[in-house]
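Biologist: I'm new to reading protein structures. Could you walk me through one, feature by feature?

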Amino acid sequence: MELNKFDFNNYRDLLDRYILKQDESALYQAEQFTKLSMQNNILPEEFINIHIQALKELYPDLPKEICASLNFLLETMISYGLAYQEFQTLREKQGELESEISVAASMQQTLLSTTKPEISGLDIGAISVPANRMNGDYHHFVKDESNNLGIAIADVIGKGIPAALAMSMIKYALDSFPESQLSPSVILENLNRVVERNVDTNMFITMFYGFFDSKNSVLQYASAGHEPGFYYCAKEDKFIEIKAKGLVLGVTPDAIYEQFELKLEKDDIVILLTDGVTECRIGERFIESEEVLHVIRQYIHLPAQEAVEKVFKYFERIQDFHLRDDFTLIFLKKEV
Amino acid sequence: MDLNINILGNVEGTKQILKLTGEIDAYTAPKLKEALLPLVKKDGELVIVDLENVSYMDSTGLGVFISALKATKEHNSELRLVSLQDRVERLFEITGLNSIINIDSTVQGGN
C-alpha cells in the first residue's frame, strides 16, 4: 500500500519543521503518522523510502554520500519488513484461532450444561468456573420420577481442549445408561471401561458419583480417585471427610468400586468439590483443608446456592482473581 | 519452578535411578515423560524414581506415571517410586494409584 500525496506532503512538512526548529509537536505528530502508516500496512523500508524522498525534496543538493547511506539503510530494513509482515499474518491467524476456541467453549457449555433440579427436602447449590476458557471439571444432575437425585462430579486430568472433549464422552456415556436402579459403583465400573478403551494413556478422569434416595434420606456413593468431599453433621457441628477409596477411571479395565452410604439428617450438608478448591495456592503456599473448611463454615447457614458462590468469591479473591485450576463446588443441604 | 532430573545408572545396566528435584506440573511433566518413558521401555529394567526433593506434583505428573506403568506391563520392566513427601503421597492415595504402583516412602532413593 502506498501513501497518498497528501500524506507524503504532510510527512515532508513535519520533517522540515523538526529539522529547522526541533519542534516537539512535530515529533508528536510524526508518532501519529507512524501509527496511521502501520494501519495502512506501510512496511519499514517503504517508510525509509518516504523519508529519503522527502529529504531530497527539502534539500535537492543533498550530498551523494548521505543519499547512498540512506539507500543502504533502506536495504538493511527489508528483513525487518519481512518479519513485520509475518507478525501481521500470525496476528490474523491468532484472531481466527481465538474465535474458534470461543465457539468450542460455548459449544462445550451447551453440550455439558446441566440444570439444577428441584428436589423437595434438598437445597442444592452448585458453581463451576474454568481457569481458562475450556472447563476440565464436570458435574451433572439427574432426577428420576421418585424425586431421587443422581449426581456426578468429575475432573479430567490433562487440561484444555482434549480434556473438554473427554468430558463430552463421559456425559454421553452417562446419558446412555438406563436411569432405573443404577447404583454408583455400577455406574463407575461401566464408565471406567468406556474411559479405559477410549482415552490416551496419560489422560485419566476422577469422579465421585452419588445417588440421593429422597424417601430414606440416604446418600449412596462411590468414588473413582476423586478429591474427597466433606459431610457436615449439623447435630455435632462437625465436618467429616467423605472417604471412598477407588482407582481413577481409565487406568485398568477391571477396576472395582466400593459403595458407601450416608444417612442425612436435617441441616446436614454434603460438600463435593474438585482439586481446584483444595489445591488452591496463595503465592508459594498451599491452602490446607482445615482452612477450606474454615471458609465453608462461615457460609453454611446461607441458602446452598448463595453459600457456594460466597466460598468461590473468597478463593477467587485470595488468588488475586486468577484461578490456577478449574473450580467446582457443590452443596447438598438437607432441609427437613 | 523448574524440575531437575538426574539419571544414575548402575554397572550391570539393569537398574536406573531417577533423582528428581523441583515441581512436577503441566510445564515440567513433558520433561519427566521424555526422561522416564525410554527407561521403562527397556525390557526387564528396574526403574526407581526418587521423589525426595519433589515438593509439589499435580495431576499431570500422575498422568506421566500412569503412562510409565502401562509401559512396564508391555516391556516386563518395573517402576518403583521412593521417598515421597506427604503432599505427593496423598495424591497417590486419593487417586487409588498407590494400589497399582509400587510405592515405598520409607526407603531412601538408591539403596
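This is a predicted model: local features need pLDDT of at least 70, side-chain atom pairs count only at pLDDT 80 or more; totals for chains, interfaces and linings use all residues.

Biologist: Let's start inside. Which residues have the most contacts inside the largest nonpolar core?

Modeller: The general idea is that in soluble globular proteins, nonpolar side chains tend to be buried together. Here the largest nonpolar core has 62 residues, and those with the most contacts inside it are A:Leu174, B:Ile24, B:Leu36, B:Val49, B:Phe65 and B:Phe92. Helix α2 (residues 59-75) of chain B gives the most to this core, seven residues. Another core lies apart from it, with 24 residues, including A:Phe230 and A:Tyr299.

Biologist: Let me zoom in on one of those. What is B:Phe92 in contact with, leaving aside its neighbours within four places in sequence?

Modeller: Its partners include B:Met57, B:Leu62, B:Phe65, B:Leu81 and B:Ile103, and B:Asn98 is on the list too.

Biologist: Now helices. How do I read helix α1 (residues 5-21) of chain A?

Modeller: Try its length. At 1.5 Å a residue, its 17 residues should span 24 Å, and the end C-alpha atoms are 24 Å apart, so the two agree.

Biologist: And which residues of α1(A) are buried?

Modeller: They are A:Asp7, A:Phe8, A:Tyr11, A:Arg12, A:Leu14 and A:Leu15. Look down the axis of α1(A): these buried residues fall within an arc of 160 degrees, so they line one face of the helix. Among what covers them are α2 (24-39) and α3 (44-58) of chain A. On the other side of α1(A), A:Lys5, A:Phe6, A:Leu20 and A:Lys21 are exposed.

Biologist: What about phi? Where is A:Asn147, and what is its phi?

Modeller: Most residues other than glycine have a negative phi. A:Asn147 has a positive one, near 65 degrees. You'll find A:Asn147 in the loop between β2 (137-143) and β3 (149-157) of chain A. Its relative accessible area is 17%, and buried means under 20%, so A:Asn147 counts as buried.

A:Asp237 also has a positive phi, near 50 degrees, and sits in the loop between β6 (230-233) and β7 (238-241) of chain A. At 38% relative accessibility, A:Asp237 is partly exposed.

Methods:
Residues are numbered from 1 along each chain as its sequence is written. Chains are lettered from A and ligands numbered from 1 in the order in which they are written. Side-chain values use heavy atoms; hydrogens and water are left out. A nonpolar core is a set of buried Ala, Val, Leu, Ile, Met, Phe, Trp, Tyr and Cys residues joined through side-chain atoms within 4.5 Å. Buried means under 20% relative accessible area, exposed over 50%, partly exposed in between (1.4 Å probe, protein chains only). Helices (H or I, at least four residues) and strands (E, at least two) are DSSP runs, numbered from the N terminus. Contact means heavy atoms within 4.5 Å. The expected span of a helix is 1.5 Å times one less than its number of residues. The arc is that of the directions from the helix axis to the C-beta atoms.
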